[in-house]
Amino acid sequence: MTLALPADNLWATAAVWLAFATAAAFTARRLGLAAALVEILFGVLAGNVLGLRSTAWIDFIAGFGSIMLTFLAGAEIEPTVLREQLRPAAVIGAISFFAPFLGAMAYAHFVAHWTNDASKIAGIAMSTTSVAVVYAVMVESRLAASNFGQLILAGCFITDLGTVVALGLLFANYNLWLVALVVAIVLAVLFVPKILPAVFERTGHWVSEPGLRLLFLVIVSLSAIATAAKSEGVLPAYFLGLACAGFLFANPDIARRVRSMTMGFLTPFYFLKAGTLVSIPAALAGFAAIGAFFAVKVVAKWLGVFPAARAFGHTPKNAAYITLMMATGLTFGTISSLYGLTHHYIDQSQYTTLVTVVILTALVPTIVAQAFFHPKEFVRPEDIGVS
């Protein structure tokens, strides 16, 4: 007699994933790390030791979690602060994209001898920052409400916008769905922020939360159009989040409810799943390539972003923190790598190399930044319950 559960036991599968998510939350609190980082590590452990694998419904929850987290990351950038921080964010974000993009593409082509298309995918995958990881760290570190945290989030937006544009221009698939996506994003950005206040004002006291359901409907519909256009749902979600930032800042209780649902239930599945994608044997076999691409990305980010941050008046410690945050990667890096694999621009070995580097950059720069360079002077006393 065994305790093995049937593979189709939905609730047993859910219990296992939620057990890891819960353990990660307590462990993160105990170690003083962002929960997202511990969730990735637990995912690596569960995937390699216990053979934990995603299922179709977990893919949906994880995907929805990444979309909602990206929406919240956009919504966390206060419009007035964005306008004030636009110049430094644009400069830092653009350098953060171009330096590793060109460096990784050149390394892949001239040193690793990858094909032209594979080298382009490598450059795009290494150019990214992780809005998901950075936003989670900003919130848990109590930096999201500060101008310093807003600068980092805005810089991440510029960097990942460059990533999306590069992926679209270098591997363009121009069709009517792409036109429909552009039109849908424009209409959503123009009208959703005007409609939501009226809906929530009239129905905000309803237990069924029709306002939130409407918001989810719009986000999922935009994601559906983005998928049909061979793009990704996180792109329109980010633009919509930016457009809705003013409304959510004016209604903190609504923002809290969306944030609690997203980070309490949805995103743990996303970060755990990201960890399960890392194969330790494959990573060990490709250790040299992984180390080389990791070094190329981090060094390129450091040579580009650190001097730019210093030029805008940040201290060496704070400039180092900005640089390390901009060196993170996860969502768009994984998306770019998977795009290259599914469209046969890279092979399975190259995919494993890129994804492993992407996930390492979600962990290593963030842990170093939090441990040695955290700018505690930007944390407001009221954000940590100190009177």
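View 1. Zero disulfides are present in the structure, a disulfide being a pair of cysteine sulfur atoms within 2.5 Å. Cys156 is buried, at a relative accessible area of 1%, and Cys244 likewise counts as buried, at 1% relative accessibility; here buried means under 20% relative accessible area, exposed over 50%, and partly exposed in between, for a 1.4 Å probe and protein chains only. This is a predicted model, in which local features need pLDDT of at least 70 and side-chain atom pairs count only at pLDDT 80 or more, while totals for chains, interfaces and linings use all residues. Residues are numbered from 1 along each chain as its sequence is written, and side-chain values use heavy atoms, with hydrogens and water left out.

**View 2. Arg142 in the loop between helix H6 and helix H7.** Although Arg142 is not a glycine, its phi is positive, at about 65 degrees. The loop that holds Arg142 runs between H6 (131-140) and H7 (147-170), where helices (H or I, at least four residues) and strands (E, at least two) are DSSP runs numbered from the N terminus. With a relative accessible area of 33%, Arg142 is partly exposed.

**View 3. Glu209 in the loop between helix H8 and helix H9.** Glu209, a residue other than glycine, has a positive phi near 50 degrees. Its loop lies between H8 (176-203) and H9 (210-228), and Glu209 counts as buried at 18% relative accessibility.

**View 4. Ser119 in helix H5.** Within H5 (residues 116-127), Ser119 is buried, with a relative accessible area of 2%. When neighbours within four places in sequence are left aside, Ser119 is in contact with Met105, Ala108, His109 and Trp114, contact meaning heavy atoms within 4.5 Å.
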